[in-house]
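Colleague: Could you take a close look at the nonpolar core of this protein and tell me what builds it?

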Amino acid sequence: MIEKHLTKNELLNLCECLKKALFSINPISEFLKKPKSKSALEEKKGIKAPEVFNDKSIAQIKSFRKEKISTDTLISGILKGDTATLSRAITLIESNKTLHAKQANELIDACIKIKTDSIRIGITGVPGVGKSTFIESFGKLLTTKGKKVAVLAVDPTSSVSKGSILGDKTRMEALVKNANAFIRPSPSGSSLGGVARKTRETIILCEAAGYDIILIETVGVGQSETAVHGMVDFFLLLKLAGAGDELQGIKRGIIELADSIVINKADGANKQAAKIAKIEFTRALHLYPPKHNGWTPKVLQCSAIENQGIDEIWESIKEYIETTGDFFLEKRKQQNKYWLIQTIEDRLKADFYQNKEVQQEFELLLEKVINVKISPFVAAEQLLLIHRKELK
Ligand SMILES: Nc1nc2c(ncn2[C@@H]2O[C@H](COP(=O)(O)OP(=O)(O)OP(=O)(O)O)[C@@H](O)[C@H]2O)c(=O)[nH]1
Ligand SMILES: [Mg+2]
């Protein structure tokens, strides 16, 4: 090995060279040299986004969507059970455009007259109790029994988070692919009333399209279960074992609405707890007055994930329909009455608040009401008078 002593200048030069070399390969220094971007998100220059769609197909899709389809074509497509037409008809119903409202009403009016033997089942329970997994398992069972199943959802929270739609796609993997199943996520809407009404109308279309069983999933929060209860024949409440009532936020009202309570996730280490919960719920149900249709709600247990106990639930629903007989039809009549009144109330309210003159006067009167310059009752009367005058 040759040893050489460097002079001070040579040593300084060498250091400078090394520094330059290091600086040129260090990504951190590169990053520091770059002008700072205002955004936290940055894309590397020079990578072109791949063209996923071409202009021709986009134009084709747009022209297909714009193409107005006649009510008769929609009705005949639905009656044939064509799912593409059914989806299109539902989209029409979900539209908020006045232009579509007339056609949607004609469609509903035609479809509601078609007699079917459908069964409408509402499924509720706290988030995560396993509603979607249960529907996947239950839906699969029904299709193997030759039934056609439509799955709808009333979830006022989904329009904000889209969470449940995303979840449902993975939870209902097999049902999505099943030719005898039709899955439609929750319609978006600002009010529960609007979402529920659209779901109610969608049921009518699905029945006309030949779906025998309509399953409606709803999150056990707020008023959504009351709305779903008002549109189904059978209301099923899913519960978890091992959690106290307070923990599950159970409300007395929901228990009263339920035609059956099913303890889900009765599997693995949870089996024993599910058994105890079943006994406790059966005991608790005895404290409630009997339903006027003579039906005593059943407490059952299942494992949606392991497909255990699902058949028993179907048997119990069949038993309910057989034993309640005429009540089944009477309940539907009462529900029609409920939806008539509900729709009138919703429309009147919407008309009132959308009235431009009312809107202007509302702000002024509100100020006065807040500052106790005028009573809320007199202010309300004045606003209603403005609205009535507008109608004349
Ligand atoms: N062990 C067990 N886990 C289950 C069962 N059913 C559902 N799960 C699990 O529970 C979680 C929630 O299931 P979901 O079906 O999405 O519940 P959900 O009630 O539809 O939930 P939201 O739509 O968010 O209200 C998932 O991780 C499921 O795999 C069951 O029977 N046993
Ligand atoms: Mg779900």
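**The nonpolar core**

Of the 70 residues in the largest nonpolar core, those touching the most other members are Ile121, Val151, Leu205, Ile214, Leu215, Ile216 and Leu236. A nonpolar core here is a set of buried Ala, Val, Leu, Ile, Met, Phe, Trp, Tyr and Cys residues joined through C-beta atoms within 7 Å. Helix H11 (residues 192–208) supplies the largest share of this core, seven residues. Domain 1 (69–113) and domain 2 (115–328) both give residues to the core, so it lies between them; the domain bounds come from an automatic or database domain assignment.

This is a predicted model, in which local features need pLDDT of at least 70 and side-chain atom pairs count only at pLDDT 80 or more, while totals for chains, interfaces and linings use all residues. Residues are numbered from 1 along each chain as its sequence is written, and chains are lettered from A and ligands numbered from 1 in the order in which they are written.

Ile203 is in helix H11; helices (H or I, at least four residues) and strands (E, at least two) are DSSP runs, numbered from the N terminus. Ile203 counts as buried because 21 other C-beta atoms lie within 10 Å, the cut-offs being 20 or more for buried, 12 or fewer for exposed and partly exposed in between, with C-beta atoms placed from the backbone. Beyond its neighbours within four places in sequence, Ile203 is in contact (C-beta atoms, placed from the backbone, within 7 Å) with Arg120, Leu152, Ile214 and Met231.

How values were computed. Contact = placed C-beta atoms within 7 Å.
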